[in-house]
Amino acid sequence: AIVMYMGATGLGVIRSLGRAGIDAYGLDWNPNAVGFYSRFCKKKLVFPNPMVDPERFVNELIELGKRQDYQMVLMPAADYYVSLISKYAADLSGLFLFNIPEPSIIESIVNKSTQYELAKNNQIPAPTTFSPATIDELADQEKALEFPVLVKGAVADVWQTVFKEKAFIANSLDELKQHYEQAARNNVRIVVQ
């Protein structure tokens, strides 16, 4: 198996595979990712950053697949790898094994705004969520908000390229506006829960 993303999630996946006796390679664009240091990581694959150069990433993955005598299983452990496999499924399907839905389904799950709408439309319980397009929309929601609220990226992978924290807590409308402005300066769309 190839575990795609060697952060904390990938580390957990590679440990689980290793403990089950499955050989796993770690793949990430960050050569110092924590998962690479696991004793269960049989091989370290450092590839181009798929968020910066997805075509180059996919081309290198295709070349890796062509060099193998068998189809390895792709196990994405981060949203952007799931999205990438889905988008390039036709190019990768003869070389690797994976089970990923079509891009429209993936995008509706990866984007927290559309994920909430999908859950709501299918009567799946979820915290009240909205994604303000402007700071004025925050003020419009003030009466509906119950502080504290959670502020996170609409798309986690975009958020994580800018912020180290997974989310922010806002205890007031003023704090919420500050978080909104900080995200907006970095072209990051937020969701508020």
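The model is predicted: local features require pLDDT of at least 70 and side-chain atom pairs count only at pLDDT 80 or more, while totals for chains, interfaces and linings use all residues. Residues are numbered from 1 along each chain as its sequence is written, and side-chain values use heavy atoms, with hydrogens and water left out.

**Overall make-up**

The protein contains nine helices and eight strands. Helices (H or I, at least four residues) and strands (E, at least two) are DSSP runs numbered from the N terminus. The C-alpha trace spans about 60 × 35 × 30 Å along its principal axes. Of the 193 residues, 42% are buried, where buried means under 20% relative accessible area, exposed over 50% and partly exposed in between (1.4 Å probe, protein chains only). Among contacts between residues at least 6 apart in sequence, 52% join residues at least 24 apart; contact means heavy atoms within 4.5 Å.

**Pockets**

A pocket is found on a 1 Å grid over the protein atoms alone, as an open set of points where a 1.4 Å probe fits, with protein on both sides within 12 Å along at least five of seven lines; lining residues have an atom within 4 Å of a point. Grid points are joined across faces, edges and corners, and a volume is the space filled by probe spheres set on the points.

The largest pocket holds about 570 Å³ of space. It is lined by 26 residues, of which Tyr-5, Ala-156, Asp-157, Gln-160 and Lys-166 are the closest to its centre. Elements that each supply at least two lining residues are α1 (8–19), α3 (79–87), β6 (149–153) and α8 (156–162). The largest share, five residues, comes from α8.

The second largest pocket holds about 270 Å³. Its lining has 14 residues, and Pro-50, Met-51, Tyr-80, Ser-83 and Leu-84 are the closest to its centre. Here α3, α5 (103–110) and α8 each supply at least two residues, with the largest share, five residues, coming from α3.

The table gives both linings by class.

**A helix contact**

The axes of α5 and α6 (residues 112–121) come within 5 Å and cross at roughly 100°. Therefore α5 is roughly perpendicular to α6, a term for angles of 65 to 115 degrees. Axes are lines fitted to C-alpha atoms over the stretch in contact, and angles run from 0 to 180 degrees between N-to-C directions. Glu-107, Ser-108, Ile-109 and Val-110 of α5 meet Lys-112, Thr-114, Gln-115 and Leu-118 of α6.

**Backbone features**

Most residues other than glycine have a negative phi, and most peptide bonds are trans. Tyr-5, in the loop between β1 (2–4) and α1, has a positive phi of about 110°. Tyr-5 counts as partly exposed because its relative accessibility is 23%. Gln-123 lies in the loop between α6 and α7 and has a positive phi near 55°. At 68% relative accessibility, Gln-123 counts as exposed. The peptide bond from Phe-147 to Pro-148 is cis, with omega near 5°, and Pro-148 is placed in the loop between α7 (135–140) and β6.

Conventions:
Angles under 35 degrees count as roughly parallel, over 145 as roughly antiparallel, 65 to 115 as roughly perpendicular and the rest as oblique.
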